[in-house]
Amino acid sequence: MAEFILTGFGDEIDAALDVQMDVMEKLDIHYIETRGIDGKNIADYAPAEAKAVFARMHARGFGVSALGSPIGKISIRDPFLPHLDSFRNLLDVAHAMQTQYIRIFSFFLPECEPAETFRDEALERLGRLVEAARGSGVQLLHENEKHIYGDVPERCLEILKAFPGEILATYDPSNFVQCGVKNREAFEMLRPYVRYLHVKDSVYTGKAAVADKGFDTVTDAHRPAGLGDGELPWILGELKKMDYRGFASIEPHLSGGDFVPGTGADKFAAAANALKGLLAQI
């Protein structure tokens, strides 16, 4: 029987962890995908600091669904070794926060250059991450972000097949929309590899997608689940048929416009309630 465990990016509510937990408690959500905690990115935490943060969360009945890390969210031409060191630290942070998942990306590509030019470099870098994680008990989850090597389903599939089982998919319907990809086709292609779901929606504007290097600078194309072109009702229905048992992580990205008015807490609540409504329908 399918089970959707709700979680979300608390830093879209507020920078302060206590406020994040206050809002999520009211929404009956008891996991957080940690990205920004008390104004500091998860990649900048030492393991001892992360352990103390987790103790605060655990005391209030919260767990960590995944580290919403920025690993792989650099230019493919940026130096890689410092990034690899940051990733090794995040493996220890994952253990300190008692989560088995780290979200990764496959590197921003230069504009106006064929993606295929960077295939070998992207896979080599991902391979170094896989090698570092091997034996750690941590599962790497690749997200289909805009403007990275794996921003379309064909290249996502290439990555997932290159590292079978060692990299699985965080599926983000909204990101595919903004790349002009039809989600039904993408999901059918990636279905066997989907381990985690990011829940945000957006409308296709026909314009080139803006690189998402921070949720506070996203466009106003984003919508609560089911109100855009991301096929969220269909995707959730397919996951139910697959007896999906895993996280559905709310990532509102509604800060860039006034489609949903109010504070970060208001926008997060609207996104959470939209997802709950879709789940009730299926």
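Start with the crossing of helices α7 and α8, which is right-handed (the near helix is turned clockwise from the far one by less than a right angle). You are looking at a predicted model, where local features need pLDDT of at least 70, side-chain atom pairs count only at pLDDT 80 or more, and totals for chains, interfaces and linings use all residues. Residues are numbered from 1 along each chain as its sequence is written, and side-chain values use heavy atoms, leaving out hydrogens and water.

Select residues 183-190 for α7 and 232-241 for α8; helices here are DSSP runs (H or I, at least four residues), numbered from the N terminus. Their axes, lines fitted to C-alpha atoms over the stretch in contact, come within 10 Å and cross at roughly 25°. That makes α7 roughly parallel to α8 (angles under 35 degrees, between N-to-C directions on a scale from 0 to 180 degrees).

Now show the side chains of N183, R184, F187 and E188 in α7, which meet W234, I235, E238 and L239 in α8 (contact means heavy atoms within 4.5 Å).

Next, select helix α9, residues 264-281, and pick out K276.

L6 is 270 residues from K276 in sequence, yet their C-alpha atoms are 9.0 Å apart. Finally, zoom in on L27: its backbone oxygen is reached by the K276 side chain at 2.4 Å.

Methods:
Helix = DSSP H or I, 4+ residues; strand = E, 2+ residues; numbered from the N terminus. Parallel < 35°, antiparallel > 145°, perpendicular 65-115°, else oblique. Polar contact = N/O pair within 3.5 Å; in protein donor to acceptor, adjacent residues only side chain to side chain.
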